[in-house]
Amino acid sequence: MNVPASLAPAPASSRWPTHRAAIDIGSNSFRLEIGQLQGGRYRRVDYLKETVRLGAGLDAQGMLTEEASQRGLTCLARFATRLKGYGAPQVRAVATQTLREARNRNHFLLRAQAVLGHEIEVISGREEARLIYAGVSRLQPSQRQRLVIDIGGRSTEMILGLGTQALRAESFQVGSVSLSLRYFAEGRFTEEAFRGAQIAAGAELEEALEPFAATHWEEALGSSGTVGAVSHVLSANGITDGAITPDALRWLMKECLRAGSVDKLALAGMKDDRRAVVGGGVSILYTLATHFGIEVLQPARGALRQGVIFDLDERLAADQQIEGHDARDGAVAELQQRFGVDVQQAARVAQVAGAFFEQVQPKADREAQRALQWAAALHEMGMMVSHHDHHRHSAYLMSHVDAAGFSQSQQRVLGDLLLAQRGGLRKSEPALADATFAWQALCLRLAVIKCHARRPINSQMLELRAQRQTARLRYPIEWAERNPRTVHLLREEVEAWAKVNALVLALP
């Protein structure tokens, strides 16, 4: 399995500096994979999987039940034990559709992060699809145009790609758990249930018919537990060599109908934890095969968890300025182009904001520094909507746009920074309770003021110093005399900070 060699070692404090760990908090199963990229190859170090059925714990109001939460927390506690000795930069945990939907997800996330000991990122459907393709394309390389499908517990991802590049990635809210709960809730297999499940799946996937039609790809691969489980059953019963075909799926549905119920379904290769969701999973697979002209779907090597590991390794390499690429940098550049950002002005603001932040928060972690740089790069993206209150438009766009590499929580933090970049600070008071965010917001606001004339600037003319919760801005008297308008704006900024309980800004 040839992949780019790992270039960025983890901090020396780690017991296994070349290891990377990914946690996939899925709707059906939780998975922990530890891998190593070395000498151009990927090697699995360890793999743990538990069937948690988190997605089955969403009630009619979209709330995650305490019972389901406890199952998840118990599993994450076991994962935490396995991850002892690993530094935070080596570990990335991502959560998918169930926590995208859960109205009380923040309550669960606070408890889950405390148990796991690592941050958990809720990623968008498209980001999930991008990472799935990253895992498949690097562990199973090809130069043929591909369709990659991943059927999860509550969502199905479809990706078109060539080589390692995902050309189109979409996520649809239909999965093996959600469909099984709706149409096979009592564990009974009937023709009516299969028909209803297929119609429901087809309705959700209908908008994908043209963009993912068979004319756009040469081979189809299936990632995830659903595809792997069905493939294993077909192979164990001598129906195919593991390939999934429409005829093979019809055979499997007939076997389900012959059994009549989940409890009586006894097929070689069928694991106990898959019986309860096989009805929904097969219904989605058959809908995909017949609607999208998939004559053969091959099980893929690689999945979301490996994609997370590859993406994490690239981030570490980019952070250490080794040959590597952080997908988030590419996403920011793409957003600048899409929303017509003045990149020269953005670069000026980023330079000044970064210099200020280094002065007042020299020990800030790399993610905090990068978040400020990304916010500066995109602080004017809302001008595409309107110059009036463009900071509010920028905040909304950043919080809701699809941005490769970013989790939903990261986008909300950036959105909060963009909202705080100008105007009164009362609107940002909840976010300002976080000290790091407050310093980021101050540095961004001061940089916007310093660069307001949109001309080349001398970033060394202003000096910002931190004394506990007070920020002291210093500048030469002759500079102030030459820039009375900037000084006027700075005095207004002092007043703005005086109205909130966060930092104090002081001028000479």
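The legends below describe close-up views of a predicted model.

**View 1. Helix α6 and the elements that cover its buried residues.** Helix α6 runs through residues 191-205, and its 15 residues reach 21 Å from the first C-alpha to the last, close to the 21 Å expected at 1.5 Å a residue. The buried residues of α6 are Ala193, Phe194, Gly196, Ala197, Gln198, Ala200, Ala201, Gly202 and Leu205. Among the elements that cover these buried residues are the strands β7 (156-162) and β8 (165-172), together with the helices α5 (176-183), α8 (246-259) and α10 (278-291). An α-helix has 3.6 residues a turn, so residues three or four places apart point the same way.

**View 2. Helix α4, a mostly covered helix.** Helix α4 is formed by residues 125-139, which are 15 in number, and from its first C-alpha to its last it reaches 21 Å, close to the 21 Å expected at 1.5 Å a residue. Of these 15 residues, 14 are buried, and the helix is therefore described as mostly covered.

**View 3. The largest nonpolar core, with Trp497 among its members.** This core holds 64 residues, of which Met398, Leu432, Leu442, Leu464, Leu473 and Trp497 touch the most other members. Helix α18 (residues 435-450) gives the most to this core, contributing 11 residues. A second, separate core has 45 residues, including Val230, Cys256, Ala259 and Tyr286. When residues up to four places away in sequence are not counted, Trp497 touches Leu425, Leu432, Ala438, Ala441, Leu442, Arg445, Ala502, Leu503 and Leu505.

View 4. With its neighbours within four places in sequence left aside, Ala480 is in contact with Tyr475 and Val487. Ala480 and Ala77 are 403 residues apart in sequence, and in space their C-alpha atoms are 57 Å apart.

**View 5. Cysteines Cys451 and Cys75.** The count of disulfides comes to 0. For Cys451, the closest cysteine sulfur is that of Cys443, and because the two sulfur atoms are 13 Å apart, they are too far from each other for a bond; a disulfide would need the sulfur atoms to lie within 2.5 Å. Cys451 is buried, with a relative accessible area of 0%, and Cys75 is likewise buried, with a relative accessible area of 0%.

How values were computed: Residues numbered from 1 in each chain as written. Predicted model: local features only at pLDDT ≥ 70, side-chain atom pairs only at ≥ 80, totals over all residues. Heavy atoms only, no water. Helix = DSSP H or I, 4+ residues; strand = E, 2+ residues; numbered from the N terminus. Expected span 1.5 Å × (residues − 1). Buried < 20%, exposed > 50% of the residue type's maximum accessible area, 1.4 Å probe, protein only. Contact = heavy atoms within 4.5 Å. Core = buried A, V, L, I, M, F, W, Y, C linked by side-chain atoms within 4.5 Å.
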